[in-house]
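Thanks, everyone. I will go through one model this morning, starting with the rings and then moving to the sheet and a few loop residues.

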Amino acid sequence: MKFGIIKERKNPPDRRVVFSPDALVRLKQLYPDVTVKVESSDVRFYSDDAYRNLGIEVADDISDCTIFFGVKEVPIDYLIAKKSYFFFSHTIKKQPHNRQLLRALLEKNINFYDHETLVDTHNHRLIGFGKYAGIVGTYNAIRAFGIKFELFKLPKAATLSGKEALLAHLKRLVLPPLKFVVTGTGKVGSGVKEVLDAIKITEVSIDNYLTKNYTQPVYTQVDVLEYNKRKDGSVLDPNDFFHNPQEYVSDFERFTKVSDIYITAHFHANEAPKILTLAMLQANDCKIKVVADISCDVDGSIACTLKSSTIDEPFYGYLPSENKEVEVFHPAAIVVMAVDNLPCELPKDASEGFGAMFMQHVIPAFFNGDKDGVLQRAKMTEKGKLTPRFSYLQEYVDGK
């Protein structure tokens, strides 16, 4: 079995990698029969020599490998037919801009596994960069507030050495009594919570958050049935929401009336109701000053996310009264942070965390006959066809 670590070719450059040099050393110790080659790259966080110095082969041509691991979408011209690939394709929600990529995977008879489709028997994701998106997104939310109101200046996360340096900068701040509301309790939400807890922002119950005033910063973290409600007023369990999202409407307005900073850490299905609507943003009693949209679904669940932003230019102003982009310092502007590749700002931490999850949950499946079905569930394409689990994408592939 020959594993290949491919060079990231998407623009803007992504410095993350599935396996750090140390992770590949552990891989070879655990599975001595595996062969590993790393494609030479001047982009990734770890240099070619960092791999070579630990005895990992680095080459310009790794086409003799059978299974390739990357992070971002592989440009179509670089896909090798009849191989196996793992990367984020951004196709499972029928994203129009990547239709051609999925078509190419089928035409080239590639066995394709999306990192997002690596799930357990309960359909819970096994790996991802979500935690690091949450960490950087929270840092950026606080940084945005400091810039908007000229209270403090934090350096860009991408200029720091890692998570600990990021937390050290935040811990030096003395924040006013802000209220943070966080939607989502998964991996992204865990990253948000890690930062807020680390800098001693107090978590409070929803009832207290909505009704009490505080003299120090506080936050509340809410799940789907706490920011959505059934149209008929009945109270059911989360399974009903996931099976019948069209029967729900947003109940988020009660948070917009008391929150200063909103951090999104949720997953939003296409059929689910919008969470933060234009009407909520235009209401006279909306107090939100910063929206850190880690989910970054343009024209999705968050009405003020008009576009994705970049690591170089992470913030833009949003004028609710006219539903348009304005300068951050416009007096009536809400600051929006909608960077769609936040973990890139912590490439070392993100790569190490991702590799550890991959080693624990996925790699064993290659050597134990996939006894838990991890690879079988994740495989999207095989022999030029969509697998049954992903047959719902056929119309998307056909352009319908």
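I begin with Phe-87, which is buried at a relative accessible area of 0%. Buried here stands for under 20% relative accessible area and exposed for over 50%, with partly exposed in between, using a 1.4 Å probe and protein chains only. Tyr-85 is buried too, with a relative accessible area of 1%.

Before going on, the ground rules. This is a predicted model, where local features need pLDDT of at least 70 and side-chain atom pairs count only at pLDDT 80 or more, while totals for chains, interfaces and linings use all residues. Residues are numbered from 1 along each chain as its sequence is written, and side-chain values use heavy atoms, with hydrogens and water left out.

Now the rings. How many aromatic pairs does the structure hold? There are 27 aromatic pairs. Why is the pair of Tyr-85 and Phe-87 edge-to-face? Their ring centres are 6.2 Å apart and their planes stand at 80 degrees, so the pair is edge-to-face. For the cut-offs: rings of Phe, Tyr and Trp (its six-membered ring) pair if their centres lie within 6.5 Å, and planes under 30 degrees apart are stacked, over 60 edge-to-face, and the rest tilted.

Phe-86 and Tyr-113 make a stacked pair, at 4.4 Å centre to centre and with 5 degrees between the planes. Phe-86 belongs to strand E5 (residues 84–87) and Tyr-113 to strand E6 (residues 111–114), so this pair ties together parts that are 27 residues apart in sequence. Helices (H or I, at least four residues) and strands (E, at least two) are DSSP runs, numbered from the N terminus. Both Phe-86 and Tyr-113 are buried. These two rings also belong to a cluster linked by ring pairs, together with Phe-3, Phe-19, Phe-69, Phe-88, Phe-129, Phe-354, Phe-358 and Phe-366.

Phe-129 has a charged neighbour as well: Arg-16 lies over its face, 4.2 Å from the ring centre. The criterion is NZ of Lys or CZ of Arg within 6 Å of the ring centre and within 35 degrees of the ring normal. Lys-179 lies over the face of Tyr-209, at 5.1 Å from the ring centre.

Another lysine, Lys-163, lies in helix H5 (residues 163–171). Is Lys-163 buried or exposed? Lys-163 is buried, with a relative accessible area of 17%. Leaving out residues up to four places away in sequence, Lys-163 touches Ile-135, Glu-194, Leu-346 and Asp-349, contact being heavy atoms within 4.5 Å.

Next, the sheet. It is an open sheet of eight strands in the order E8-E9-E7-E12-E13-E16-E14-E15, with mixed pairing. Strand E8 (202–203) and strand E15 (324–326) are the edge strands, each pairing on one side only. Two strands count as paired if DSSP finds at least two bridges between them.

Take strand E13 (290–293) and its partners. E12 and E13 pair in the parallel sense over four bridges, with Thr-264 opposite Asp-293 in E13. E13 and E16 are also parallel, over three bridges, and there Val-291 stands opposite Val-336 in E16. Strand E14 (residues 315–319) and E15, in contrast, pair in the antiparallel sense over three bridges; the bridge partner of Leu-319 is Lys-324 in E15.

Both faces of E13 are covered: Val-290 and Ala-292 on one side, and Val-291 and Asp-293 on the other, are all buried. Helix H4 (residues 130–148) lies across E7, E12, E13, E14 and E16, running at about 155 degrees to E13. Helix H6 (residues 187–198) lies across E7, E8, E9 and E12, at about 165 degrees to E9. Axes are lines fitted to C-alpha atoms, for helices over the stretch in contact, and angles run from 0 to 180 degrees between N-to-C directions.

Last, the loops. A cis peptide bond joins Asn-11 and Pro-12, with omega about 5 degrees, and Pro-12 sits in the loop between strand E1 (2–5) and helix H1 (21–30). His-90, a residue other than glycine, has a positive phi near 50 degrees. His-90 is in the loop between E5 and helix H3 (99–107) and is partly exposed at 23% relative accessibility. Cys-296 likewise has a positive phi, near 50 degrees. Cys-296 is found in the loop between E13 and E14 and is buried, with a relative accessible area of 12%.
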